[in-house]
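Student: Could you walk me through this one? I'd like to ask about it piece by piece.

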Amino acid sequence: MSKVQNNKAWWLVLPVFLLVAFSAIIPMMTVVNYSVQDIFDQSSRYFVGADWFRQVLQDPRLHDSLLRQFIYSGCVLLIEIPLGIAIALTMPTKGRWSSLCLIVMTIPLLIPFNVVGTIWQIFGRGDIGLLGWILNDVLGISYNYAANASDAWVTVLVIDVWHWTSLVALLCYSGLRAIPDVYYQAARIDRASNWAVFRHIQLPKMKSVLLIAVMLRFMDSFMIYTEPFVLTGGGPGNSTTFLSQTLTTMALGQFDLGPAAAFSLVYFLIILLVSWVFYTAMTHSEKN
Amino acid sequence: MNKREKVSFKKLIPLWIYLLFLLVPIYWLINMSFKTNTEILGGLTLFPRDFTLANYKVIFTDESWYSGYINSLYYVCLNMVISLSVALPAAYAFSRYRFLGDKHLFFWLLTNRMAPPAVFLLPFFQLYSSIGLFDTHIAVALAHCLFNVPLAVWILEGFMSGVPKEIDETAYIDGYSFPKFFGKIFIPLIGSGIGVTAFFCFMFSWVELLLARTLTSVNAKPIAAVMTRTVSASGIDWGVLAAAGVLTILPGMLVIWFVRNHVVKGFALGRV
Amino acid sequence: MAEIRLQQLAHSYSAHPSGPEDYAIREMTHIWEQGGAYALLGPSGCGKSTLLNIISGLLSPSEGKVMFDETVVNDMSPEERNIAQVFQFPVVYDTMTVYDNLAFPLRNQGMPEAKVKIKVHEIADVLDLQPLLKKKAKGLTADEKQKVSMGRGLVRDDVSAILFDEPLTVIDPHLKWKLRRKLKQIHEQFNITMVYVTHDQLEASTFADKIAVMYGGQIVQFGTPRELFEKPHHTFVGYFIGSPGMNLIEVKPEVGGVGFGDIHLPLSDALQQRLAATQWSTLKVGIRPEFVHVWDGPVDDAMQAEVTYVEDLGTYKILTLNLAGQLLKVRMQEDKPVPQGQAWISFPAQWLMLYADEFLLEAATQPVPAGEVPHE
Amino acid sequence: MSLTLEHVSRAVDGQIWIDDASLSFEPGSFNVLLGRTLSGKTSLMRLMAGLDKPDSGRVLMNGKDVTHVAVRHRNVSMVYQQFINYPSMTVYDNIASPLRQAKMSKEEIDRRVRETAKMLRIEKFLPRYPLELSGGQQQRTAMARALVKDAELILFDEPLVNLDYKLREELRQEMRQLFETRNTIAIYATTEPNEALALGGTTTILHEGRLIQSGRTPEVYHQPKTVLAAELFSEPPINLMPGRIEGNEVSFANFAHFPLNVDLRRIGDGDYRFGVRPSHLSLVPSNDDDLELAVTVELAEISGSETFLHVRNEHFSLVLHLPGVHEYDVDTPIRVYIPTHKLFVFDQQGGLIQAPGLRMARVA
């Protein structure tokens with residue numbers, strides 16, 4: 001559909017622009033402002049240039065949580081994307097079952113982050129939780145997310161899978177539904193194997209929704225804060241302390257405004273950069 | 001009729017397992033919310049032996065508990081209304097016209113979805129304090145617009161592009177003014193899109209805690225923040241915590257129920 | 001390679017059909033011979049897509065048998081039947097090159113790569129796809145894509161029939177006739193049964209040696225384009241084939257023939273006998289606009305009609321005449337003088353058709369083959 | 001009510017869509033815009049309707065400049081190629097919607113809706129929703145909405161192209177009848193020359209945004225000013241052959257020679273392009289001055305009651321438009337006849353030099 005050039009359309013966009021500008025530009029300017037100043041109180045502040053950035057970039061806390069964050073987000077993508085695709089492929093396309101599936105799958109998406117944390121906090125405990133009880137008492141696997149760092153880490157990952165795989169699956173399902181039936185018929189006539197159908201019909205047609213799914217899951221997992229906070233408070237040790245928590249501690253807990261602001265900007269830029277890499281990588285392969 | 005369409009139960013087993021995986025933790029929460037604390041701590045039971053509504057009674061009789069729900073619902077609905085009402089005209093502009101800087105604007109809107117809420121905690125706190133909005137529902141609703149408005153614009157734009165622009169022109173030819181056309185003809189056409197958008201706005205606003213907690217203290221305190229109170233010196237009141245958790249899931253279930261057809265259609269149209 | 005035989009075939013989408021109106025396909029027996037070029041022609045909703053899906057194996061008929069040569073294939077899938085199908089909208093594998101697209105069905109059969117190469121190049125030659133072999137299928141134009149879809153069907157040696165489902169819908173009008181020519185050439189070159197489903201008389205008559213016209217779930221006539229034009233076996237064929245379609249007038253039997261208003265149309269003795277021996281509830285005569293004879297002036301035995309409209313189509317004209325209250329269309333060549341106000345016309349006996357309950361009634365000497373025109 | 005376009009032009013993204021078009025339409029006339037896809041038909045109609053503004057030039061209605069009047073303040077209607085109705089309203093409400101916007105009384109609306117629905121034979125479907133109807137019925141609904149408000153200008157943008165041919169025949173005939181008694185300007189865009197002929201009135205040929213020729217339909221058809229006009233207003237396209245007149249002889253592509261006949265005698269020697277309409281070619285000689293050519297069949301396209309025979313020899317290819325069914329296999333050698341008194345002659349630049357004289361025949 002050809003769009004018409006019409007600069008008056010700005011009037012329609014203006015409310016959105018003003019609203020988002022109010023919520024994004026002013027705070028962002030504050031952050032930038034803080035990141036280059038040393039502030040004691042309202043009257044005494046000094047320009048420090050890139051000092052805070054230098055300090056933050058050399059801070060081992062950042063390195064630690066950044067590394068943990070990347071491993072975590074990587075795992076999230078590696079598990080949720082294939083799993084989501086697989087679920088979307090098995091979902092029935094018609095009838096009551098498909099509506100039921102869709103509705104059940106949306107339930108976890110609508111639970112507040114901290115309640116998700118609470119559910120698993122309860123579910124995983126050895127004394128009162130079904131999961132903890134089955135693992136410890138029935139299967140004899142020692143499991144305690146509050147004491148064991150790797151247990152805690154895996155639990156946070158499972159929570160994310162539980163919480164968000166449905167979103168990936170629903171997006172993929174939506175992409176799959178957009179494929180006309182004749183493609184499947186043609187493939188059957190060509191005697192294509194299931195794998196070939198997936199590789200040459202379903203995957204190419206799902207590409208644009210997959211891009212969205214990957215970006216969303218990357219961004220959101222990279223910003224994860226509430227679930228590990230509720231479950232373990234970032235522990236044991238620092239095993240589940242991710243970037244957002246490090247930042248929050250810095251800004252609200254220790255009130256290190258300057259470094260926290262610099263940290264914020266670095267954090268934001270990393271997300272932008274990685275998203276851009278994903279975006280170009282996935283759209284570039286299409287051009288060739 | 002069609003061999004391919006026939007749903008074989010065997011093929012769906014992995015799917016059932018996945019759905020079970022989704023539902024069991026929730027069931028466990030519901031199960032626990034109907035137990036007394038003695039039963040909870042006294043050993044594992046797959047369903048409440050000693051069925052009680054006492055935990056719910058605690059919540060419904062204590063104002064600080066139920067006002068938490070009202071606060072959350074209030075700012076979520078407020079956010080939904082604001083997001084939809086500003087996103088509808090903007091999405092229309094993006095779907096129908098080219099204008100100066102449209103691509104950049106769209107991209108910039110989407111980058112806001114990439115900004116971690118943690119980054120905005122402090123500036124938001126200061127901003128809303130300075131204009132006297134701290135601890136109000138509107139503050140949280142506005143803050144949530146940061147990520148909901150771009151999303152709403154993006155989803156609605158997809159739905160609107162599916163409506164041929166000849167419909168718009170026919171309406172103008174018939175003598176409709178723009179607002180009249182928009183309200184009477186266009187909005188009913190993208191009903192599913194609005195349903196799906198409302199669903200997503202609700203979802204992201206309802207589940208968010210970090211900003212909501214930072215921007216409120218008493219008057220607009222969300223339920224999610226109230227829940228942290230169950231941890232007290234005497235330990236955790238598991239039964240009440242579970243009941244409160246169940247109650248936070250309910251509004252979501254209600255929303256799904258109301259927009260289920262739109263959501264199913266929206267997903268099925270391949271346009272979400 | 002196979003002969004396709006439909007035996008007492010019927011299909012209903014409802015589980016317990018209660019009457020003929022519940023049937024998408026009414027009982028029919030029909031044979032598509034090995035190596036023929038056929039068309040299945042009908043308006044939307046006539047059941048042609050259902051029939052196509054039954055032949056290809058996407059749908060299993062509720063009654064009767066589908067046979068490929070001597071094998072009953074009712075429960076076989078399309079791949080087991082070795083059917084190839086070209087769809088309305090071109091289906092290509094976007095991510096593959098044209099070469100890989102053409103090679104795809106062969107590789108799925110496990111054919112050695114050297115042989116695949118030979119076959120693909122052979123087909124690419126036929127379809128003029130050689131220069132495109134290395135291109136990604138995604139960037140092709142609609143007609144190139146449609147050729148690739150056809151190629152995937154033709155490249156296989158084991159195909160028993162190729163089905164075309166409105167394959168030229170998305171093709172640019174001025175390229176259409178070239179693709180039609182290509183299809184004809186392909187049919188001559190490969191000895192494969194081809195069935196072409198369409199609602200367009202031009203597509204059907206151009207491609208097919210024989211056309212099955214479908215109407216209301218039945219094949220009402222199976223014949224060459226000439227037969228459909230000159231001797232429609234059903235009033236629907238008369239109406240549907242030709243633009244404008246056949247003139248159809250309801251008549252009453254009279255002594256020595258039939259008539260309407262004050263018009264009397266004589267019939268041959270043989271036909272009169274046939275009519276007398278037939279049970280019917282409606283009787284119609286039909287004559288094509290091309291065959292109505294227009295006299296230059298008043299002539300004895302000619303019928304007088306009023307000219308109500310003249311449509312000038314450049315090199316010929318379509319006249320609308322009022323004959324005893326019935327409107328008739330008449331086609332006149334450019335060179336013939338156009339009658340003003342009144343026209344004198346006659347219906348040559350050889351082109352005047354008689355229809356009892358919509359089916360053609362012919363003199364007893366030429367019985368209608370039973371399988372083609374089932375009487376209700 | 002009359003409509004006049006004065007030197008209107010429109011370019012989008014540096015591409016010229018309409019190039020200096022001047023046209024005027026009489027009240028109560030039926031006018032066809034003929035041109036291939038993307039020739040500018042739709043763009044021109046959008047300018048007339050006021051959906052787009054021209055970059056230069058003026059649009060006048062009844063002599064009044066309406067170039068900058070918004071579409072909803074003009075009294076126009078439009079029917080599109082796609083079936084455009086409001087899906088959320090019933091057929092009745094669809095048809096009533098322009099009247100409601102005009103603040104008409106309830107009784108008057110009801111009367112007119114029913115009258116228009118009856119005219120278009122959709123009165124049965126009034127309580128239904130458009131998407132429950134067949135394509136033909138949907139387009140009838142759209143046409144009813146366009147007709148109901150007595151617009152001064154009604155634009156049809158290839159309204160029948162998405163319908164099958166029997167429905168097209170039917171609706172085309174009804175349309176002509178609908179407009180016989182109306183005092184509106186009807187403008188109808190089509191890619192099909194035969195549709196232009198069938199609809200009558202005037203025809204304007206468009207090509208690449210330019211007006212090629214305009215006038216009463218039979219005149220434009222029989223007297224095309226240029227090769228381009230002849231090619232565009234002919235389906236199948238007119239057959240063109242390079243040729244030369246030398247002394248008393250004409251030759252085509254240096255191989256088919258025939259004596260100069262009376263009609264061609266006043267043209268001087270030189271190189272020309274000769275055209276002959278597909279329907280003037282025949283398989284049997286009809287006149288002594290026919291030129292016989294040996295050709296091979298490329299394809300016989302049969303459209304039920306007519307045959308388009310594509311043939312070629314080593315010099316050029318021809319299309320014959322024959323009544324009746326003629327079945328030929330590909331590559332069959334046959335003979336075709338060109339009536340030399342029906343030749344169009346164009347100069348090398350494409351301008352018409354001579355059109356075949358029409359024998360105006362009448363019943364005494």
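This is a predicted model: local features need pLDDT of at least 70, side-chain atom pairs count only at pLDDT 80 or more; totals for chains, interfaces and linings use all residues.

Student: Let's begin with chains A and B. How many residues of chain A are in contact with chain B?

Tutor: On the chain A side there are 76 residues in contact, and they meet 82 residues of chain B.

Student: Which helix gives the largest share of the side of chain A that touches chain B?

Tutor: That is helix 1 of chain A, residues 10-35, which supplies 14 residues of that side. If you sort the side of chain A that touches chain B by class, you find 55 nonpolar, 18 polar and 3 charged residues.

Student: And which strands of chains A and B pair?

Tutor: Strand 1 of chain A, residues 4-5, pairs with strand 1 of chain B, residues 97-98, and the two run in the parallel sense over 2 bridges. Within that pairing, A:Val4 has B:Tyr97 as its bridge partner.

Student: What does UniProt say about residues 66-278 of chain A?

Tutor: The UniProt record, which is an unreviewed entry, annotates residues 66-278 of chain A as "domain: ABC transmembrane type-1". In the model, that span is 77% helix and 0% strand, and its end C-alpha atoms lie 18 Å apart.

Student: Switching to chains C and D, how many residues are in contact there?

Tutor: Here 36 residues of chain C are in contact with 29 residues of chain D. Helix 6 (173-189), helix 7 (201-207), helix 8 (225-230) and strand 17 (303-312) of chain C each bring at least two residues to the side that touches chain D.

Student: Which of those gives the most?

Tutor: Helix 6 of chain C does, with 6 residues. By class, the side of chain C that touches chain D has 11 nonpolar, 13 polar and 12 charged residues.

Student: Now inside chain C, at what angle do helix 3 and helix 5 cross?

Tutor: The axes of helix 3 (residues 98-108) and helix 5 (residues 142-154) of chain C cross at roughly 30°, and they come within 7 Å. Angles under 35 degrees count as roughly parallel, so helix 3 of chain C is roughly parallel to helix 5 of chain C.

Student: Is that crossing left-handed or right-handed, and which residues meet?

Tutor: The crossing of these two helices of chain C is right-handed. From helix 3 of chain C, C:Val98, C:Asn101, C:Leu102, C:Phe104 and C:Pro105 meet C:Val148, C:Gly151 and C:Arg152 in helix 5 of chain C. By class, this contact has 5 nonpolar, 2 polar and 1 charged residues.

How values were computed
Residues are numbered from 1 along each chain as its sequence is written. Chains are lettered from A and ligands numbered from 1 in the order in which they are written. Axes are lines fitted to C-alpha atoms, for helices over the stretch in contact, and angles run from 0 to 180 degrees between N-to-C directions. Helices (H or I, at least four residues) and strands (E, at least two) are DSSP runs, numbered from the N terminus. Angles under 35 degrees count as roughly parallel, over 145 as roughly antiparallel, 65 to 115 as roughly perpendicular and the rest as oblique. A crossing is left-handed if the near helix is turned anticlockwise from the far one by less than a right angle, and right-handed if clockwise. Two residues are in contact if their C-beta atoms, placed from the backbone, lie within 7 Å. Ala, Val, Leu, Ile, Met, Phe, Trp, Tyr, Cys and Pro count as nonpolar, Asp, Glu, Lys and Arg as charged, and the others, Gly among them, as polar. UniProt positions are given in the numbering used here, feature names are shortened, and annotations may be inferred rather than shown by experiment. Two strands pair if DSSP finds at least two bridges between them.
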